[in-house]
Amino acid sequence: MNKVVGVLATIAGLAVAEVVAGFLGGRAGPVLAVGEWVIELTPGSVAERAIGVVGRADKPLLVVGVLVVLLAAGAGIGALWPRSPALAGAGFAVLAAVGVVALLTRPGSRPVQALAPVAAGATAVLVLRLLHRASAAATSLPGSAVDAAGLDRRTFLRDAGLVLVGSAVVGGFGRWAGRARGLVESARSGLSLPVRRAVVPAGADLGVDGVAPWLTPAKVFYRIDTALSPPLVEPDDWSLRIHGMVDHEITLTYEELLGRGLVDAWVTLCCVSNPVGGELVGNTRWSGVPIKDLLDEAGVRHGADALLSRSHDGWTCGTPLSVLTDGRDALLAVAMDGEPLPVDHGFPVRQVVPGLYGYVSATKWVVDWEVTRFADFSAYWTERGWSPRGPVKTQCRIDVPYGDHPAGPLTVAGVAWAQHRGIEAVEVRVDEGPWQRARLAAVPNPDTWVQWEWEWDATRGDHVIDARATDAAGEPQTKERADVVPDGATGYPRAQVHIG
Ligand SMILES: Nc1nc2c(c(=O)[nH]1)N[C@H]1C(S)=C(S)[C@@H](COP(=O)(O)O)O[C@H]1N2
Ligand SMILES: [Mo]
């Protein structure tokens, strides 16, 4: 019973936290802040899994985890109350303090946001006291033990019900108040950028059933970042500060950025934590301003070799200046497939650099550029055990076939990528037999992935199919299997099939 009281008090506290955080208009309430703190504190040894954690479906799981831990702590605190109300009060104070620290260590947070966890702690203590007082009053009424217990239960159920309904109303109100995301979404849909929906170049998509479409729709484009809830930045509030080893510091507004003129570029983006055969890779047409133009405007000083970019939520990455200025389509992008960037993909402005993994190049919600030297900083993932440099490794993936198929003609097909070098060939072999050359689709430039297919006359039995890609410099992909840490997985992809 005491534990249930503790859990109810915690729920009431969370509801109040939600409403206060909603009105204060921050990006994340205390629960999300604690979740992001957990991600940040994850040590380098498990950093690889941390990338997975912040991948897709695992994010809600982390939030649920934080909630479960909180409610369990609440139950423990509830059990403490009869022995020592002071200790129980201290318990909620500690939880509130964790929330305060988590919130205030989030980049871009404001001190007032600490009010949310403080109000939550105070509410929890108050509810704990009230529920206990009610049940104590009930049990001290005159009458038989059975009556007292009955009344006790009734009073308690009533009070508990009130707390739950009250929490739901207050929490719902908080959600309504926290409509910052809605505001940003409407600013996004109100934009009319000079961009058009992309048209897939002729011959780029082979249309093989089961192969990833050449143009990845924004809705299914993989998402990787350390933000539990995406930074909410309206174009009118956005600016980029360019500073460090430059001749002139520049601060650029969204309007001014658009004024530079947009170019379009097909670029395949992939994640360093994509395992062989994995799906953390996508291809689209980006629209933006060449990064080189802005660096030239600022005037890069002699001796600088890196661009340290920082997002609105404090994530950082270091990109070689040589790659940003060699003429490739390295963009400060504002649109993806002819639409303003989705909030999850970096709205209003992000970077895209052909040939580099996202963790060293593709800063979303970018707001700050420091021109500097690799020797003088270490960026977010570098601090967690990943390589400071992240050129994309030549890779391919077998999308079909897997599983059971009848004997006879069978299409083996997939995608291959070696951004900015380009793909020269893809070969396939069955049961480690001779390599056979696959047919490649046409692509507009060396920065995108390439679809490939090979017709196999499948014979009965269990088979393994391997594939390997060769880049346009004639360099085949590495055969040796390597894990994703520290600079990307290697090895041939393999498909297993049963024919018969
Ligand atoms: N602000 C910010 N930008 C970021 C990241 C991040 O955690 N925060 N992750 C990077 C990584 S590891 C990758 S692979 C790409 C993924 O971009 P996408 O989510 O649009 O596919 O974003 C990069 N940009
Ligand atoms: Mo990544």
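His420 sits in the loop that links strand 13 (408-417) to strand 14 (423-430). This is a predicted model. The phi angle of His420 is near 75°. That is a positive value, in a residue other than glycine. Most residues other than glycine have a negative phi. His420 has 29% relative accessibility. Buried means under 20% and exposed means over 50%, so His420 counts as partly exposed.

Asp337 also has a positive phi, near 50°. Asp337 too is a residue other than glycine. Its place is the loop between strand 7 (331-336) and strand 8. Is Asp337 buried or exposed? Its relative accessibility is 6%. The cut-off for buried is under 20%, so Asp337 counts as buried.

Now turn to the peptide bonds. Most peptide bonds are trans. Which residues does a cis bond join, with omega about 5°? They are Phe347 and Pro348. Pro348 lies in the loop between strand 8 (339-340) and strand 9 (350-352).

Another cis peptide bond joins Val400 and Pro401. Here omega is about 0°. Where is Pro401? Look in the loop between strand 11 (395-400) and strand 12 (403-405).

Go on to Pro348, between strands 8 and 9. Then find Pro401, between strands 11 and 12. End at His420, between strands 13 and 14.

Conventions
Residues numbered from 1 in each chain as written. Chains lettered and ligands numbered in written order. Predicted model: local features only at pLDDT ≥ 70, side-chain atom pairs only at ≥ 80, totals over all residues. Heavy atoms only, no water. Helix = DSSP H or I, 4+ residues; strand = E, 2+ residues; numbered from the N terminus. Buried < 20%, exposed > 50% of the residue type's maximum accessible area, 1.4 Å probe, protein only.
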